[in-house]
Each structure stands twice: as C-alpha cells, then as structure tokens.
Amino acid sequence: MKLPPHPLRLLAGPLSLTLLAVVLLSARLAAQTPDPHGEQVFFSIDDESLPWRDNLHLTLERPQKYKGNPVLNAGPQGSVDANGALLYGTVLQESGKFRMWYIAQPQPDPRYPENTAPNYRPVAYAESADGKHWDKPNLGLVEFCGNKNNNIVSVEPADHPFARPNDFVSVLRDDDEPDPARRYKMVYIAYLPLLKHSTAVRCVSPDGLRWKLASTEEFTKGHFENTSLVKFDGLYYVTGQNLGRAGGHLADGQDASRAMTAFFSPDFQHWSNGRALCFFRSGYEQKPESFGQELHMGAGLWNRGNVLVGFYGRWYGDHIDVNDPAKKKISFLYDLKLDLGLVVSNDAIHYREPVPNFIEASPGADDQWDARALLQSQAFCNTDTETYIWYSNWNTRNPAHPEPLPGPRQPVPFAIGLLTMRRDGFGYLSKHLTELPKKNGSFQRTDTGASVLSRTVTLPFAAKLILNVDQVSTEAPFEVALVDDAEQPLPGFAPVQVTQSGVRVPVTIGDHGIPAGLKFRVRVKWPEGEANPRFYALYFQPQ
C-alpha cells in the first residue's frame, strides 16, 4: 500500500532497463493523448458526422478481454475494498500515467459500524504506468477502521451527509477552469437515509485526491443515480439512471423502469431545472420494474471533443430467478444478467446505437470472475495502437447482505477488468456490394464503387487530415478529397490516394493542409471491383 519510489531514483538498480522502458512508454502515452479541445474525430459509427454513404455498410467490432484480467482485485479482509474494487468509476490518462477512481466496498465490521455501513462505499484511488498493472497508494488522508493506511480520497467537510459516497464516481479534469482549486470535478452518488433516495453530489479538488463539497444543495429533485460527468460545448453534463417513478419515463409518460437521463450546468454550481431523456433500450416493452429489458446506469462516456462514445448497461430482468424462495432470500436480483452496448452522441443530450442491440461485451462463463453481469465505467483511453476500456463484474448470486467480520467476505468480490481493441476501432465502413450480379434484373446497382461524404465542416484551426484505415494498398487505395456541396474538389485541393494502412495515417492534401475557416466536406472513395479496404475514422488534427 506504500507509494513506490519515483522510477528515476531506481534507474541505477538492476531493474533499470525495465523501469526506463516504463518511463518511455508513459511519456509516449501522454504525448499521444487526443486533445478534446482541439482534434476532431469523425467515427464510422457516427452517422451525423458522416451521413452520406453509397454502397457501404457498418461492421461493429467487439473489444477483447485482456488475458491477465482482472487487473485490479479486491483487497484482503479488513481493507477498505475487501468485498470489492468496483469500477463504477473513472480512468484518466495524464502526466504519463493512468489514474483511477473507483468505489471501494468494505466488509461490514461490527467494531466500526460508521466506516462499514451498507450506505457508505468510499471513493478509492489507484495508479498504473501501463493500464494493466495497478498500485493502490497509501494516501494517508482518511481514517478507516482505526487508521489512515489506505487509498481513500478525502471529502470535506467530512461530517456532512453528502461526504459519504455510496455509488458511481465520475471525475473530470477541467483544464479550462481558471481556479486551480477547482481543476478536478467529481460527481458521485450518495444515499440520503432520511429522504430514502440517492442523489448526485458535486465536489472540486486541486489534485484529484483532496476534495471539497462544491454544494450541499440537492439539484436532482429526488432519486437520481449519476454515471458520467463530461464538459461538452462549454456546458457540464451529468448523465445517469432514473427509475420510472422518479423521472425515468418516456415522452408519452410510459414508465421506462430504468432509462438514461441528464442534467446540465453552465458553471458546475447551477443546474438545469429539468432533465433530458437521453436514451432507453431499443424495442422496450413495459414490464414491472427490474423484470424487463432495461437500461442500467446510463452510459459510461468518452468525450472526444466533438462527439461522445459510450458503453451502456443492458439489463435482462427476465433472467432473475423469482421462483426459488432460497435464491430470493440470497438476493432479489439473483441471476440477473447484464451485458454492455454501444451509444454515440453529437450533443451530449441525445444518444443512439450505431447498430441496435449490438453487444460490445458479454459476461464470462459461470466459473469465471466476470460471470453473469458486467458494469460500465467512464474509463476509455488510447495508447499508440490500442484503445483500453475498463469494466467491472457483478456476480448477481452474491448475497445482497454481506456477512460481517469475522465471517467470510463475498464469494465473488467486485474486481476490475480491461478490454482492448484497435485504436478507435469501434467499427468500420466497407463496401456492401463488391461485384455485380451475373444475371441482369430489375432494381440493381450498375457499379461497385462506394463512398462516404461528411457533413459540412468549418474548422476554427488549421488542420492536418489523418485516417484510421485497414487493408489499404496500392492495389486497393482510398481516394480522399475536400469537396463542395456539389462534390466538386475545392480549388487547390486535388484528390489524393491513400495506399497505407494504419491507425494514424497522415493525408497530404493541399499545399499547407486545411486552413482555418475553410468550408468543405470530406469525401472518401473506395476502389471499384472486389478490393474492399476498411475505414474506421478520420481526424482533423490542429497544426
């Protein structure tokens, strides 16, 4: 639990080469982090940024579970996270390292009822150089069960009811904030016993470790379980889950049981009077609460500056065992199933699935650590070549009321796993038809060409154009052009061919790149015939 020495102080030892490699990797990770205030990305999954598609279809790709999962486990009995390290939380990538804020679930201890009460699950902190191997530093900030040897972040004033986190923690580094004491912003769920509902609590911090309540006023008008905190187009958005009886209803008033809603704020202090209905399960059919196909805990979001991508929880209430009294006694959600789906938004309010009901990640087999239910988080980061996505397990056969010490801890504690995929490889566009039918018939295409055309773009900065593409070659090139509304190349921007695959392929277009203020569209053409390269995304990188 102790903080490790600084790597540079160890370079003279026998592990110097390994540590040097870690330092260099960390520096590269930091340098390659996309700037949400600059670079814009048009994903293949974003049909608002890339709406005009000819002879193309979208193929979504599932990330793979890291073979070394789980990457962060529960601690030993008596520790702050003895019953689970739950990434109802956030991972940020900064200063050459990964920083994680997660919910720690202690085991009830009769000697310390205040520290281990069911409605108190503190926010804990971990760090990693590579996103796969994590340390829980001894922060020494908060007393827990008689000592301060733990990794709990502090929230002041500590005696306020809002200073007792219970569930999902979302952390935002706000580089536009002029006050250094408010550089980091955090929202977590606190349960208010007197009011018998959960609410979103807001905090600020200079370093992400020492926090102060930003307000002691409840703005959610009753029950609300937050999931993500983002700053988009100058406004703060808190998204999360509402039950139907507390605002989670559809436009016509129909109870949606669990639905994704959001509040917004211009300054993190004053929040919208109303909430937006952001998203609910495709093909939703009304059933008694918890027993239908519901949307669990909104979506864990990744803000890419001009677009948001996220994973949402897909709740299968029909898997709950309601017939066996013994199982119902263990948990009223016994055998509930949850997997993860994909959403995208261009305004931080309205979310949609690129392909309805596509499953991004599924629970493991019954004997695996992540069996039965997966939980999403606000935890997405890019390395040079891959996208990392962290998640947690929830074994819904665990007792709803854990045994106190000195009894055993939960049979399958919460833990944290890692998903990996090609960098920004959520999906790709490829040709739908690569050859013409051999027999002539009605209602058929007459060519095998294909293209995608972007919406109109005017950038506030001069930019380089970059592509994320695969299976490209001199025999199967893409043609890229900046065009007007008539799809005619702009003067001085002759179409160019891209013959190289990669996650960051620069496109030399125009003499000096794309100037600020230019009005244009991007068109990408596929070659005729059977050649069928894959298009994942395009980027406008500030020069």
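S290 lies in the loop between strands β17 (276–279) and β18 (293–303), where strands (E, at least two residues) and helices (H or I, at least four) are DSSP runs numbered from the N terminus. The phi of S290 is near 85°, a positive value in a residue other than glycine. The model is a predicted one, in which local features need pLDDT of at least 70 and side-chain atom pairs count only at pLDDT 80 or more, while totals for chains, interfaces and linings use all residues. Residues are numbered from 1 along each chain as its sequence is written, and side-chain values use heavy atoms, with hydrogens and water left out.

**Confidence**

- The mean pLDDT of the chain is 91, and 93% of its residues reach 70 or more; pLDDT is the predictor's confidence in each residue, from 0 to 100.
- Residues 1–36 have pLDDT below 50, and this stretch has 38 contacts in the model beyond near neighbours in sequence; contact means heavy atoms within 4.5 Å.

**Backbone features**

- S290 is buried, at a relative accessible area of 8%; buried means under 20% relative accessible area, exposed over 50% and partly exposed in between, with a 1.4 Å probe and protein chains only.
- E487 also has a positive phi, about 65°, although it is not a glycine.
- The loop that holds E487 runs between β30 (478–483) and β31 (496–498), and E487 is partly exposed, with a relative accessible area of 33%.
- E156 and P157 are joined by a cis peptide bond with omega of about -5°; P157 lies in the loop between β9 (154–156) and β10 (167–173).
- The peptide bond from L405 to P406 is cis as well, with omega near 10°; P406 lies in the loop between β24 (386–393) and β25 (416–422).

**Cysteines**

- The count of disulfides is zero, taking a disulfide as a pair of cysteine sulfur atoms within 2.5 Å.
- C145 is buried at 13% relative accessible area, and C278 is buried at 5%.

**Aromatic rings and charges**

- The structure holds 23 aromatic pairs. Rings of Phe, Tyr and Trp (its six-membered ring) pair if their centres lie within 6.5 Å; planes under 30 degrees apart count as stacked, over 60 as edge-to-face and the rest as tilted.
- W134 and W390 form an edge-to-face pair, 6.1 Å centre to centre with 80° between the planes.
- W134 lies in strand β8 (residues 134–135) and W390 in strand β24, so this pair ties together parts that are 256 residues apart in sequence.
- Both W134 and W390 are buried.
- One aromatic cluster is formed by F219, F224, Y236, F263, F268 and W271.
- The charged end of K185 sits over the ring of F268, 6.0 Å from its centre; a charge sits over a ring if NZ of Lys or CZ of Arg is within 6 Å of the ring centre and within 35 degrees of the ring normal.
- R164 lies over the face of Y120, at 4.4 Å from the ring centre.

**Nonpolar cores**

- The largest nonpolar core has 36 residues, of which W101, M186, Y188, W211 and W394 touch the most other members. A nonpolar core is a set of buried Ala, Val, Leu, Ile, Met, Phe, Trp, Tyr and Cys residues joined through side-chain atoms within 4.5 Å.
- Two or more residues of this core come from each of β5 (84–94), β6 (97–105), β7 (123–128), β10, β11 (184–192), β12 (197–205) and β13 (210–213).
- β11 gives the largest share of this core, six residues.
- A second, separate core has 32 residues, including V452, L459, V472 and V522.

**The loop between β6 and β7**

- P106 is found in the loop between β6 and β7, and counts as buried at 7% relative accessibility.
- P106 and S79 are 27 residues apart along the chain, and their C-alpha atoms are separated by 6.7 Å.
- Leaving aside neighbours within four places in sequence, P106 is in contact with S79, V80, A82, N83, N115, T116, Y120, P122 and F144.
- N119 is in the loop between β6 and β7 and is partly exposed, with a relative accessible area of 24%.
- Not counting residues up to four places away in sequence, N119 touches R164, P165, N166, Y191 and P193.
- N119 and V452 are 333 residues apart in sequence and 51 Å apart in space, C-alpha to C-alpha.
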